[in-house]
Amino acid sequence: MALLLDARLLLRKVKDLRCFTPKRNRVKEKWATTRAKHPPTSLALQHFDATYGVQLGQLWPSVRAALLSERKYGALFNNFSHDSVLADLEAQGCRDFLSDIDTDAQQYLEQESGVTAEEESRKKSDTDGQQLSPLQLSHNIKCFVFPRGDITRFKSARPDMCGLLGYYLMDAASVLPCVALDVQEGHSVLDLCAAPGGKTLALLQTQSVGFLCANDTSVSRTSRLRKVLHSYVPKLLLTAEKLRITSYDGTTWADIERDTFDRVLVDVPCTTDRHSLMEDDNNIFGKNRIGERRRLPQLQLELLLAGIAAARPGGDILYSTCTLSQTQNQSVVEQAVFLARENHGINLQVVDLRPLTHMFRKTFHFAPDLHLGEMVIPHLAANFGPIYMCKLRRLT
C-alpha cells in the first residue's frame, strides 16, 4: 500500500513539473523536421553572392541591400480608361518619369550612334560615323513613380464605368525595353514572350502599333495574358485584326514566320533575381529545378535567334531580362550575333542606348561601363530593376 502511494505521489510531481516546463523544451517542433534546411531563397543568395560579388565588385553590397529590400513600383497609365485617374496620380505626388527627362541629356537626343556587334564588344562609341535617327518617344505612354527615396505604395486600381482599370502596377524599369524598341506609327510588332502582359500593355499604350502579335509558350500563361488585357483594353480592340495572341514555342518561331516584323521584343525567361531572393514558391533555385536553371542560357539564346529571324531586314530586336547575370545577358547577345551571321547569314548592328540612360538617370540607377547593352540596377533610393536590355538592328 505504501508503495502504491509513493508511486501516485511521484506521478503527481511529474505532472506538476510538466505544467511549469515551457512547451518548447518538452516537444520538438514539427517544422524542424519538415522545413527545408536550405530553402531556395537561401540558395539563390549564396549563388548571387558568389557570382555577382565578382561581376559587380564594389557595387554588389549596395545592390544586394536593395534587392533584399522592398521594391518600388510604377503605375503604367491606361489610356483606354475613362476615369480621372491621371489627376488622382498627380495629386498623390507622383510624376510621369517618361516626360520628366534630364535636361542635360538633350544633346543625346539629337542622334543615336550605332556600331557593329564586334565593335560594340570592344567599346561603346561610333567608329564608322553612321548617323541613326533619334528615339521618338511616344507622348501617349505614361508611367508614374514616386520621387527617389519615397517608398509609398500605390493603391490598387479601380475599374471605371466600362470595367477597365486605370493603371497597371509594374516595375517602372520594365517599361524601358518598350520605350527603347521605338515603335513608330503602323509598325508590326512581335512580343515573343509576352506573359504576364505588362510589356504587351505598354506597347499598346503607345497607340502606334499597326499590328501586335503577343505570344507565349504556355497556354496557361497566355490565358493569364488574356485576363490582363481584358482588364485594361476595350473588347473592340481585343477582337480586332490588329491584335493576335498565340501559344507557340517561341524557339520555333522561325518555322512559323520569318522576315516579317518591324519590331521584335524578346523578354526572355530568366532567374528573375528579385523573386528568387524573396519567394520560395515557384523559385527556380529549388533543388528540383537545377536542370531547368542550367538550361536557361541555351533557351534564351534560342529565343533571341528566333526573334532575330522574325524581324524584317531593317527591323529592330530588343532583348531584355530581369537578372543581373552576365551569362544570361551580354553572353547570350554575343552568341546570338555570332550564330545569326555564321549560320543564317544575318548581319546585326548594336544600337547605342546611352541616350536612353541619360534621359532617365533622374529616375533609375544604371550600371556603369557595360560592354554590351544597358542595365538598370537596384539602388535603395531608386529601387527598380534589375532590367537588362540590348537593342539590335537587323541589316540583312
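This is a dialogue on reading a predicted model of one protein.

Student: What overall confidence does the predictor give, and how many of the residues score at least 70 in pLDDT?

Tutor: The model is predicted, and the average pLDDT of the protein is 87, with 82% of the residues at 70 or higher.

Student: Which stretches have a pLDDT below 50?

Tutor: Residues 111-116 are one such stretch, and they make 31 contacts in the model beyond near neighbours in sequence. Residues 120-133 also have a pLDDT below 50, with 32 contacts beyond near neighbours in sequence. Where pLDDT is low, predicted coordinates should not be read in detail.

Student: How many helices and strands are there?

Tutor: The protein has 17 helices and 14 strands. Of its 396 residues, 48% count as buried.

Student: What share of the contacts with a separation of 6 or more joins residues 24 or more positions apart?

Tutor: Such pairs make up 77% of those contacts. Val175 and Ile387 give a case of two residues that lie 212 residues apart along the chain, with their C-alpha atoms separated by 9.6 Å.

Student: Where is Val175 found, and is Val175 buried or exposed?

Tutor: Val175 is in the loop between β6 (167-170) and α9 (176-180). A residue counts as buried under 20% relative accessible area; Val175 has 0%, so it is buried.

Student: Which residues does Val175 touch, leaving out those up to four places away in sequence?

Tutor: Val175 touches Phe97, Leu98, Ile141, Cys143 and Met170.

Student: How should I read the packing of two helices? Take α4 and α5: at what angle do their axes cross?

Tutor: Read the angle with the axis distance, then the handedness, then the residues that meet. Helix α4 (residues 40-56) and helix α5 (residues 60-67) cross at roughly 145°, and their axes come within 9 Å. The crossing is right-handed. On the α4 side the residues are Leu45, Phe48, Asp49, Tyr52, Gly53 and Leu56, and they meet Trp60, Val63 and Arg64 in α5.

Student: What are the angle and the axis distance for α10 and α11?

Tutor: Helix α10 (residues 198-205) packs on helix α11 (residues 219-232) at an angle of about 35°, and the axes are 10 Å apart. The crossing of α10 and α11 is right-handed. Thr200, Leu201 and Leu204 of α10 meet Leu225, Leu229 and Tyr232 of α11.

Student: What should I check in the backbone?

Tutor: Check phi and omega. Most residues other than glycine have a negative phi, and most peptide bonds are trans.

Student: Which peptide bond that ends at Pro196 is cis, and where is Pro196 found?

Tutor: The bond from Ala195 to Pro196 is cis, with omega near 10°. Pro196 sits in the loop between β7 (187-191) and α10. Another cis peptide bond joins Gly385 and Pro386, with omega about 5°. Pro386 belongs to the loop between β13 (374-376) and β14.

Student: What is the phi of Asp259, and where does Asp259 lie?

Tutor: Asp259 is not a glycine, yet its phi is positive, at about 50°. Asp259 is in the loop between β9 (243-246) and β10 (261-267). With a relative accessible area of 39%, Asp259 is partly exposed.

Student: What is the phi of Thr272?

Tutor: Thr272, also a residue other than glycine, has a positive phi near 45°. Thr272 is in the loop between β10 and α13 (273-278), and its relative accessible area of 30% makes it partly exposed.

Student: With which side chain does the side chain of Arg393 make a polar contact?

Tutor: The partner is the side chain of Asp316, at 2.7 Å.

Student: How many disulfides does the structure hold?

Tutor: The structure holds zero disulfides. The cut-off is a pair of cysteine sulfur atoms within 2.5 Å. Accessibility is a separate reading: Cys178 is buried at 5% relative accessibility, and Cys193 is buried with a relative accessible area of 11%.

Conventions:
Residues are numbered from 1 along each chain as its sequence is written. This is a predicted model: local features need pLDDT of at least 70, side-chain atom pairs count only at pLDDT 80 or more; totals for chains, interfaces and linings use all residues. Side-chain values use heavy atoms; hydrogens and water are left out. Buried means under 20% relative accessible area, exposed over 50%, partly exposed in between (1.4 Å probe, protein chains only). A polar contact is a pair of N or O atoms within 3.5 Å; within protein, one must be able to donate a hydrogen and the other to accept it, and residues adjacent in sequence count only if both atoms are side-chain atoms. pLDDT is the predictor's confidence in each residue, from 0 to 100. Contact means heavy atoms within 4.5 Å. Axes are lines fitted to C-alpha atoms, for helices over the stretch in contact, and angles run from 0 to 180 degrees between N-to-C directions. Helices (H or I, at least four residues) and strands (E, at least two) are DSSP runs, numbered from the N terminus. A crossing is left-handed if the near helix is turned anticlockwise from the far one by less than a right angle, and right-handed if clockwise.
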